[in-house]
Amino acid sequence: MNTKLTNLLNIKYPIIQAPMFLVSNTAMVIEAMKCGIAGCIPALNYRTLGELREAIKELKSKKVEGGAYGFNLIVNKSNIKYKEQLRVLSEEGCDFIITSLGSPEETIKEAHKAGIKVFCDVVDLKFAKKVEGLGADAVIAVNNQAGGHRGNISPKDLLTELVEHCSIPIISAGGVGCKADIDKMLSYGAEGVSVGSPFIASKEAGVTNEYKQACVDYGADDIVMTERISGTPCTVINTPYVKKIGTKATWIENLLNKSKKLKKWVKMIRFSIGMKATEKAAKKATYKTVWVAGPSIEHTTSILPVKDIVKRLI
């Protein structure tokens, strides 16, 4: 499967194992590389810069021909560790960085000095053209079938528009759970796909068996959008607990959000509370089950090793 993405990263198949907050780890990425695809981990999955540095060294030592590894950086002010994380990645080296939620200008500049490729999350043509102008090596087109913080445009419409107006490679993110889905995205002009949710139910994923089993037991129709995690709409599995607390912001949050002075603080508090709840659900059994996932869990029928999930995709 030779595409611009396989050539950019020297991988066998045009697939990136997407970075997932709390879920992705080195064990998953090492198995992904063995299968001939790329793997990516959010830098924020590591509490300290020392832990991030050790993860990079481990992946570097385990890299195999035909595989690639990278890290995801949140590049806006909400990530106070951003500049230090970028420095560590540039010093230690990796194959690629995926940027999210902010201007990637500084990341592109510093990463390119270190010979690192930079792919940028975008949800529409406006941002795609902006990051192309900044020198991004490719864009990750986040569509309305993605898990977590998704876009608003369908895979076909988003890819068609970006392919027509951009000269850099387009990687599709969202709505891929099997090989037929990949073929569809490539037919729309994508040079590769970023796949996340199907890998939650992998044996290597560092989350609870309850979370993994939920991805088996629930399907596409059970995915809902909630404002109760980060203040920004996010896709989660519609568990009994999610049904109980509802998916809309509370009346007090809505009221405070109308104040320009208070809006930022309300969002920060909601983000902090939501992330703690999400982390508890991911890392230990709790009745407060807030599990982030996308509709592509529809194809997840059992908890499998990463290599078997990749086999299904290729």
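A crossing is left-handed if the near helix is turned anticlockwise from the far one by less than a right angle, and right-handed if clockwise. The model is predicted, so local features need pLDDT of at least 70 and side-chain atom pairs count only at pLDDT 80 or more, while totals for chains, interfaces and linings use all residues. Residues are numbered from 1 along each chain as its sequence is written, and side-chain values use heavy atoms, with hydrogens and water left out.

**Exercise 1.** Describe how helix H4 (residues 82-92) packs with H5.

*Solution.*
1. Helices (H or I, at least four residues) and strands (E, at least two) are DSSP runs, numbered from the N terminus.
2. Two packed helices are described by the angle between their axes and the distance between the axes. Axes are lines fitted to C-alpha atoms, for helices over the stretch in contact, and angles run from 0 to 180 degrees between N-to-C directions.
3. For H4 and H5 the angle is about 20°, and the axes lie 9 Å apart. H4 is therefore roughly parallel to H5 (angles under 35 degrees count as roughly parallel, over 145 as roughly antiparallel, 65 to 115 as roughly perpendicular and the rest as oblique).
4. H4 passes H5 in a right-handed crossing.
5. In contact (heavy atoms within 4.5 Å), Tyr82, Lys83, Leu86 and Ser90 of H4 meet Glu106, Thr107, Glu110 and Ala111 of H5.

**Exercise 2.** Determine which residues of helix H6 (residues 125-134) are buried, and how they are arranged about the axis.

*Solution.*
1. Buried means under 20% relative accessible area, exposed over 50%, and partly exposed in between (1.4 Å probe, protein chains only).
2. Leu125, Ala128, Val131 and Glu132 are the buried residues of H6.
3. Viewed down the axis of H6, these residues fall within an arc of 130°, so they line one face of the helix; the arc is that of the directions from the helix axis to the C-beta atoms.
4. Exposed Lys126 and Gly133 sit on the face of H6 turned away from its buried side.

**Exercise 3.** Identify the elements against which the buried residues of H6 pack, and characterise the pairing of H6 with H7.

*Solution.*
1. The buried residues of H6 pack against helix H5 (105-113), strand S5 (117-122), strand S6 (138-142) and helix H7 (155-165).
2. H6 and H7 pack at about 35°, with axes 10 Å apart, and their crossing is right-handed.
3. Leu125, Ala128, Lys129 and Glu132 in H6 meet Glu161, Leu162 and His165 in H7.
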